[in-house]
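Hi,

Please look it over first; my notes follow below.

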Amino acid sequence: MIRIALTGSIGMGKSTVAKMFERAGVAVFDADAVVRQLQGPGGDLVAKIGEMFPGCVRCGTLDRDCLAEIVLADREKLAALEAIVHPAVREAREAFVAQHGSAPAVVFEIPLLFETSGEKDFDKVIVVSAPAEVQRGRVLERTGMSMDKLNSILARQMPDSQKRARADFVVDTGTDLSTTEAQVRDILACLGIAGSR
């Protein structure tokens, strides 16, 4: 099994590219979706996060905006949150691998791959990238997003140029979808992985 990490900064189009791999028959593990589930209603991490950030959990529900405001402003608190979240995500990832043990390849969508030194766990790394103005335009369209918030997020992400330099493959999403999809097919062909559908 080839373990492929799919990463890239905010607004680069990781989820779109991940769906293209899924359409090609490759199973995709979405780390962000796992985190949302773990932190969502009845999630396994809500109580632990509530102990560390008491004002952010009310009636058993995590207020993600409250939590984001705290951790984006304080690196130590962010590290404390990551110490709770990352081991749980790793556990879910290993369960996913066991579930797809006979597959020729699996893709793991992990936004902060390089920032957490996670690339060593994978055989190949794909970086999803787009021009800065395209990235900015996409992110600022999101509800509740501002330039200040975007700058705060980018400040804790490795610059796109560095990610591209460390990638085995780069998928450019600054173009039309069919061109992006062709890049995905080329990567699968290069790795000797035939799409199942």
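At what angle do helix α4 and helix α5 pack, and how far apart are their axes? The angle between α4 (residues 64-73) and α5 (residues 75-99) is about 120°, and the axes lie 5 Å apart. That makes α4 oblique to α5. Oblique is what remains once angles under 35 degrees (roughly parallel), over 145 (roughly antiparallel) and 65 to 115 (roughly perpendicular) are taken out. Axes here are lines fitted to C-alpha atoms, for helices over the stretch in contact, with angles from 0 to 180 degrees between N-to-C directions.

Before the rest, two notes on the source. This is a predicted model: local features need pLDDT of at least 70, side-chain atom pairs count only at pLDDT 80 or more, and totals for chains, interfaces and linings use all residues. Residues are numbered from 1 along each chain as its sequence is written, and side-chain values use heavy atoms, with hydrogens and water left out.

Helices and strands are DSSP runs numbered from the N terminus (helices H or I, at least four residues; strands E, at least two).

Back to α4 and α5. Leu67, Ile70, Val71 and Ala73 of α4 meet Arg75, Lys77, Leu78 and Leu81 of α5. Contact means heavy atoms within 4.5 Å.

Next pair: α1 (residues 14-23) and α9 (residues 177-190). Their axes come within 10 Å and cross at roughly 55°. α1 and α9 are therefore oblique to each other. On the α1 side, the contact uses Thr16, Val17, Met20, Phe21 and Arg23. On the α9 side, Leu177, Thr180, Glu181, Val184 and Leu188 take part.

Now the strands. All five residues of β5 (residues 105-109) are buried, meaning under 20% relative accessible area with a 1.4 Å probe, protein chains only. Ala105, Val107 and Glu109 cover one side, Val106 and Phe108 the other. β5 pairs in the parallel sense with β1 (residues 2-7) over five bridges; pairing takes at least two DSSP bridges. β5 also runs parallel to β2 (residues 27-30), joined by four bridges. Val107 in β5 stands opposite Ile4 and also opposite Val28.

Last, Thr7, which sits in β1. Thr7 counts as buried because its relative accessibility is 0%. Leaving out residues up to four places away in sequence, Thr7 touches several residues, among them Lys14, Ile110, Phe114 and Val128.

Best wishes

Methods: Buried < 20%, exposed > 50% of the residue type's maximum accessible area, 1.4 Å probe, protein only.
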